[in-house]
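This briefing sets out selected features of the structure shown below.

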Amino acid sequence: MFVFDAHCDTLMDVVAGKRRLAETGKGGHIDIPRLRQGGVGAQVFAAWIEREFLPGSGARRACQYIDAFYREVEDNPDDLAFVRSAADLARAQQEGKIGAILAIEGGEALDGSVEMIRIFHRLGVRLMTITWSDRNELGDGAYDPTGGGLTKAGVQVVREMNRMGMVVDVSHASDATFWSILQNTTGPLVASHSNSRALFDHPRNLTDEQVRAIAERGGVVCATLVKPFLGPGYNSVAGVVDHIDHFVKIAGVEHVGIGSDFDGVGPDGLVDGIADASQIGLVAEEMRRRGRPEHEVEAIMGRNLTRVFSEIMG
Ligand SMILES: [Zn+2]
């Protein structure tokens with residue numbers, strides 16, 4: 001089965017020089033051998049800007065992440081394929097390589113300069129999470145809500161992303177920013193790593209209304225494997241599938257995916273029963289055990305994200 005994972009923070013370890021993607025057994029959740037074991041055929045790698053680089057050095061830090069990503073792709077040509085288009089994604093699948101998609105987690109990486117989004121697009125970035133949890137130059141994050149929605153710069157950035165073919169990611173946005181993004185964009189939106197607020201009331205999770213809005217626009221909501229977002233009572237593979245089942249009920253099976261958040265949380269942050277990317281298939285197994293037909297399992301595990309990324313990237 002082809003798995004498409006919409007979010008990981010593995011580049012944090014790479015940029016810090018802790019490990020390389022070809023190495024295994026050095027901790028964390030993702031490396032090439034474990035992606036292979038888990039059947040992951042497309043992986044979004046996020047550049048997340050640490051607070052110590054803010055304000056002012058977000059773009060420099062993002063470039064360091066991008067450099068780390070390029071080195072990994074160049075040093076592992078048999079395993080990784082740099083995906084910048086629908087054709088790249090299809091080719092990676094045909095050649096049995098892991099399609100590696102470059103992303104930025106948090107518009108603070110632009111340092112407030114709208115033109116930086118065009119530079120990052122030229123460097124191959126194909127998804128940006130508009131805010132991380134804090135407020136930034138583009139809008140409010142989930143942990144820092146003022147009710148203000150997108151700023152003027154934020155509106156310009158999401159419109160440029162639409163025009164260039166970049167995935168606008170609403171995970172981490174505050175509610176007002178979410179609706180403001182919806183108002184100021186066209187086409188599908190993706191929530192790369194968020195769970196259901198109906199099941200667990202957490203500012204990082206999506207309300208049913210938000211889930212429905214993403215589905216109506218043809219997008220995908222991607223459930224995480226993260227304990228603090230799943231909530232009490234959902235701390236197991238079955239709990240992850242409870243969130244997925246709820247998303248399917250609200251959004252329809254064509255609009256649900258997986259965004260693991262591997263390497264974005266510490267060793268205790270992942271749901272019980274999944275230690276790393278090699279075990280992501282347990283989510284599919286639980287869906288099958290509940291009687292979900294194979295074509296629906298495949299849609300949720302990867303086909304939906306393939307469709308939406310291909311449509312947006314062109
Ligand atoms: Zn995140």
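**Structural briefing**

D263 is buried, since 26 other C-beta atoms lie within 10 Å; a residue counts as buried if 20 or more other C-beta atoms lie within 10 Å of its own, as exposed if 12 or fewer do, and as partly exposed in between, with C-beta atoms placed from the backbone. The model is a predicted one, in which local features need pLDDT of at least 70, side-chain atom pairs count only at pLDDT 80 or more, and totals for chains, interfaces and linings use all residues. Residues are numbered from 1 along each chain as its sequence is written. Helices (H or I, at least four residues) and strands (E, at least two) are DSSP runs, numbered from the N terminus.

**Backbone exceptions**

- Most residues other than glycine have a negative phi, and most peptide bonds are trans.
- D263 has a positive phi of about 65 degrees although it is not a glycine, and this residue lies in the loop between β9 (256-258) and α11 (281-289).
- H172, in the loop between β6 and α7, also has a positive phi, near 75 degrees, and is a residue other than glycine.
- H172 is buried, because 24 other C-beta atoms lie within 10 Å.
- L54 and P55 are joined by a cis peptide bond with omega of about -10 degrees; P55 is in the loop between β2 and α3 (58-75).

- Strand β1 (residues 3-8) is largely enclosed by the rest of the structure, because 6 of its 6 residues are buried.
- Strand β2 is mostly covered, with 9 of its 9 residues buried.
- β1 pairs with strand β2 (residues 40-48) in the parallel sense over 4 bridges, where pairing requires that DSSP finds at least two bridges between two strands.
- Within this pairing, the bridge partner of C8 in β2 is F45.
- β2 also pairs with strand β4 (residues 98-105), in the parallel sense and over 7 bridges; here Q43 stands opposite A100 in β4.

**The surroundings of D5**

- D5 is in strand β1 and counts as buried because it has 31 C-beta neighbours inside 10 Å.
- Leaving aside residues up to four places away in sequence, D5 touches V40, Q43, V44, I258, G259 and S260; contact requires that the C-beta atoms of two residues, placed from the backbone, lie within 7 Å.
- D5 and D276 are 271 residues apart along the chain, and their C-alpha atoms are separated by 13 Å.

- Two packed helices are described by the angle between their axes and the distance between the axes.
- Axes are lines fitted to C-alpha atoms, for helices over the stretch in contact, and angles run from 0 to 180 degrees between N-to-C directions.
- Helix α5 (residues 115-122) packs on helix α6 (residues 152-164) at an angle of about 30 degrees, with the axes 9 Å apart.
- α5 is therefore roughly parallel to α6; angles under 35 degrees count as roughly parallel, over 145 as roughly antiparallel, 65 to 115 as roughly perpendicular and the rest as oblique.
- The crossing of α5 past α6 is right-handed; a crossing is right-handed if the near helix is turned clockwise from the far one by less than a right angle, and left-handed if anticlockwise.
- I117, R118 and H121 of α5 meet V157, E160, M161 and M164 of α6.
- These contact residues comprise 4 nonpolar, 1 polar and 2 charged, where Ala, Val, Leu, Ile, Met, Phe, Trp, Tyr, Cys and Pro count as nonpolar, Asp, Glu, Lys and Arg as charged, and the others, Gly among them, as polar.

- α8 passes α10 in a right-handed crossing.
- The contact involves D208, V211, R212, I214 and A215 of α8 and F247, I250 and A251 of α10.
- By class, this contact of α8 with α10 has 6 nonpolar, no polar and 2 charged residues.
- In helix α7 (residues 175-184), the buried residues are T177, F178, S180, I181 and L182, and their cover includes α6, β6 (167-169) and α8.
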